[in-house]
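Subject: Structure for your review

Hello,

I am passing on the structure we discussed.

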Amino acid sequence: MVSTANSVTEQSASPHPTSRTRRRVRLAPTSRRLRWVSLSGEWIVVLAGLVILVGWPFGRLLWDAFSTPGVLAHLWNQSELTQAIKGTVVTSLGAMVFALVVGGGAAIAFWRLQIPGQKLLTGGLLLPILVPPFICALSMTQTYTAAGLTDHMAGLHFEWLFGATGTTVVLGVQQVPIAFLIIAAAAHSRGSADLERAARASGANAVTSFRTVTFPLLRPAILAAAALCFIAAASDFGVPAVLAIPARYATITTQIYRAMAFSSGGLADPITLSALLIVVALVVLGAAAKFNRATVMGSRASSQSVVRRRPWHVAVSVLLGLYVLLVSIFPLFGLATVAFTRVYGESPVPSHWGLNNLRDALTGSAAGAFGRSLLLSVCVASILVVAAVLAGRLGMHRGGRAVGALITVPYAVPGSAVAVAILLTFGKWWYGGLLIIAVAYLSRFWALAQQPIAAALGQVNPEPARAARASGASALRAWWVSVWPAIRPSIFAGWLLVFLSCLHELTVSVLLYVPGRETIGVIVLNAEQGGDMASTSAIALILTIAVLLCALPLVVSRRLRSVLGFSAGGAL
Amino acid sequence: MKALRIEKLTVRYGPVTALDGIDLSIDEGEILAVLGPSGSGKTTLLNAVAGFIDVAGGEIWIDDLLVASAKRSLPIERRGVGVVFQSYGLWPHMTALDTVAYPLRRQRQPAAKARERAGELLARVGLTGLEHRRPGLLSGGQQQRVGLARALACHPRVFLFDEPTANLDSGMRAGLQEQIREQQQRTGAAALYVTHDPAEAFVVADRVAAIRDARLVQVATAREIYSNPADEWIARLTGQCTIVSADVLDADSLRIGGEVVSGVQLGSVTTGEVRDARVVIRPEWVQIGAAGELPLTATVSAVVFSGAFTACTLQTSGGAITVHIPGAVVLEPGDEVSWRPTTASVLLRETSTLAA
C-alpha cells in the first residue's frame, strides 16, 4: 500500500511524467548499435564455428534420418537393430539403478551421517571419472575373468563380466560419480540443516523428517541424475566394446561400430541409430534440466549434520571402501600386473616380471598413436578455449543462451552420433586424415571448455574493468588487467578437461580413423580385440597413468575441482 | 513454575568451549532475551536447548523433564520446543498451509482438521489469502510469519527464537517483534529469544541475559540492565554511552573533574564515598543549559542533527561525552554551555572479571 501511494505521488508531482521513458527510448538504439559493432566480429567467428561444428552436421544427420519415410518401421523390422536397442535400454537402465543406489546413497550418507573417511571415499568414488570407460572395462577383465589376477591368486574367475550383466555393472560403476556429484551438490545447496531441524522441532522423528522434507527436496536432483546416468550409459561405447562384443551381446553404439567397420551396407543404419540416440538424449536431458532447475532455493544456513555418529556409520564407510577397492583400485592393480608380467598368461609372481611389454608399447605402433593423440589433444584444447572465451563474451548478450545451448548439443549426445554426423557431412573431403577427427573433437568437446569459462566470465565483476577504463586504460588493457586474472584458472581448467578428454577418446575416433592413423584409444581397442592382452594392458596402463598425472591439478586444486563435476555431469 | 531450567551447562566444539557453566531459568509466559555479539555463544545456547547439538556437561530441564545432559539427549521432536529460525527454515516444496499443518500432522491430527487449524493460525499472524503460496513467493516478513505460525502449531512448552528478525528490513522488524510478543503472551509458554540487537531485546523481552565469551555476564530486567549495567562491556552492549571517571560523594552527588554536581539519580551504589569510580552516562541522561545555568561547564565540540534528536559532543572537565538532545538545537561547535547528568550508573566491576 505504501509503495502504491509513493508511486502515485511521484507521478503526479513530476511535471513531465513520461520524460524518463522518453529519454531511455532515445538513447537505446545508439548504445545497442555500438555494442553490436564491437561484437560483430566475434559473432561471425562463433556463428561460423557453430554452423560448421553443430548446425550443419547434426542438421544433415537428422534430415537424412527422418526425411525418408518409413525409417522407424525399418528400425523395428530388423531384428539386429531391435536387439541392439533392447540391449542399450536394458544395460543403461541397470547401470542407472546401480549408479543411483551407490552414488546417490553415498552422497546422502555423507551429507546426513557421520561417515568416517569421507574425503578419501569421495576421491575413490570419483576415480572412474579419470579412468577412460574402456580401460575401466579392460582392467576388470584383466582382474576378474579367466587368467586374470583373481584366477591366478585364488582360482576365482567371473565370466558373467562378459555380456549383459558385466556391461551393466561396469557401466554403472562409470556413472556412479555423476549420480554422486549431482545429488551431493543438491543436498548441499538445497538441504540446509535448518530445514531438517525445523521438521524435527515440529515433532517429526528422523525417519519422518527424511521422508517428508529431505527426500522431496532431493527428488528433482535424483530424477536429473537418473536421466543423465541413463543417457551417459546409453552413449558409452568403450564398455560394451570390451564386455558385450565378445559375448555377442549388442548395444546401439556397438551396432553402429559394427555396421561402419565391418559391413558394406553404407551409412543407412548408423544414421538411423544415431538420430534415434540424439533425439532420445536431447529429450531426456532437456526434461532433466527442466526438473533440476524448477526446484527452489534453500536458505543458506549452516550445514552441519544433525545426526551423531553411530557404530553402523563405520560399517557404511567400510562397505564403500570395499566397493572402491573392488571396482577401482584392485582392477588397476590387475591391469598393472598383466603389463608387468613378461609373458601373458603366466602367474604374476616377481620372477616373471619384466618391462618388455611397456618397452614394446612405447616403441611400436603405439608410439605413433600417442604422438597423434597428443597433437590432437593440444590443438583441439587450444582452439576450444579461444572459442569458449569468444562465445562466453557473447553469452552476456542477447542470443547468448541459444549459443550456449547449441554448444552443449554435441557433448550431450553420444559420441558415436557425433562421429556419424561429422563423417556424413565432411567425410567426402576429409576422410582418412586426422583433420576429420579434429573437427569431430572440436564439435564434441566445445561444451567442456565452454562451461567453466562462460561461468567465470559471467562472474567477473565489471567494476575493476570500468575503474581501469576510467583511469585511462584502453579496452584491451582494461580486459588484461581486470578480466584475464579472474578467468585464468577457468581457462586452464577448461583446457585441461578438453585435453584429457581427447587424450583417452575412443568412441569418436574408432569410427573415423583409417589404419595407420590410429589414436591411442583405437590402438588399445584393436590390440584387445586382436587378443594381445599384454600390450593392451601395457598401453592402457601408460595411458591411465598419463591421464591421472594430467588430471592431478584438477583434483588437487580446490578452485579447479568444481569443473570436474561438469565433465561428469554432461549437459546439466 | 520454571518452564526452562538450565544448570551449569557446558558445550564444546572440539577444543573450543562454546558455553561455559551457564545457569539460567525462564518462567512460564516469560520471554528471556539472550543478548550478545556474534560468536558469544548465544545461538549455541538455543541449539543446545533445541537438541540440535549435544551438551558436554550440565543439565537442561523443560518443565520437569530432563532433556539434555552429558549422558542423556532427548530427541528433538520429544522436547516440546517451537523454533523460529533466522533464515526462516521453511521447506521450499511446501505451501504455507502445509508448512503450518506439518506439526499438527505429526501430533496425529487428521489431515482436514490440521489444515483447518493451520488456516486459523495463518490468519492469526495476518497471512489470510497467502495459504497456498510456497516460500519462494513470499516476502521475508511473510516467510517469517509462516515460521512463527509453524512454531505456534507445535504447541511448545518453550519457544526458541533464533534472531528471527535479523534478515528483515527495519520496517518489517518492528511489526514482527510485536507479533511475536503478542502470540507468545497468548500461549503462555516460555520463550528464549536470541538477538544481537539491544533495542530488540528490550522491546521483546521481560528479562535480558547478556552473554560474552561463552559465559552469562548479567541477567536482569530490561530496565535494570540498561540503567545499571554491571560492567563497561555490558554498558556498551546495551546501548550508546560515555564512561567518565568521577568521585561518588554520597547517594546523589558526583565530582567530575573537580566540579561537584548533586541531585543525580544514581543506580545501585548508595553507601559512602567512592573515589575514582567509573560512571556510565547515557546520551539521554544529560541535561544541557546556557553557560552558568547548570553546575558543570563544557564546550561544544561537534553537533550532528539526526532527526528525532541532535547528538552533541561536549568537552567537559571529565573528558568528552556524547549527549542526545530532543529535536533540533541552535548550538554550534565552540559554544560554552553548562550541563548536569540527571541519571548515572556506577560500574561495580571491571570487565575483565567475569563472575556471572
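A salt bridge here is a side-chain nitrogen of Lys or Arg within 4 Å of a carboxyl oxygen of Asp or Glu. By that rule, one salt bridge crosses the interface of chain A and chain B. Its partners are the side chains of R200(A) and E77(B), with an N to O distance of 2.7 Å. Please keep in mind that this is a predicted model.

On the rest of the interface: 26 residues of chain A are in contact with 25 residues of chain B. The size of an interface is often given as the accessible area lost when the parts come together. For chain A and chain B, about 2,100 Å² is buried between them, and carbon and sulfur atoms account for 60% of that area.

As for chain A itself, it contains 25 helices and zero strands. Of its 572 residues, 53% are buried. Its accessible surface is about 25,800 Å², with 66% belonging to carbon and sulfur atoms. If one takes the contacts in chain A between residues at least 6 apart in sequence, 79% of them join residues at least 24 apart.

One helix deserves a separate note. Helix 14 of chain A covers residues 311-340, 30 residues in total. From first C-alpha to last, helix 14 reaches 41 Å, close to the 44 Å expected at 1.5 Å a residue. Where does helix 14 of chain A bend? The bend is at L325(A) and comes to about 40 degrees.

Regards

Methods: Residues numbered from 1 in each chain as written. Chains lettered and ligands numbered in written order. Predicted model: local features only at pLDDT ≥ 70, side-chain atom pairs only at ≥ 80, totals over all residues. Heavy atoms only, no water. Helix = DSSP H or I, 4+ residues; strand = E, 2+ residues; numbered from the N terminus. Buried < 20%, exposed > 50% of the residue type's maximum accessible area, 1.4 Å probe, protein only. Contact = heavy atoms within 4.5 Å. Areas by Shrake-Rupley, 256 points an atom, 1.4 Å probe, with all protein chains shown as cover. Expected span 1.5 Å × (residues − 1). Bend = angle between axes of the 7 residues up to and from the residue. Buried area = accessible area lost by both parts, 1.4 Å probe.
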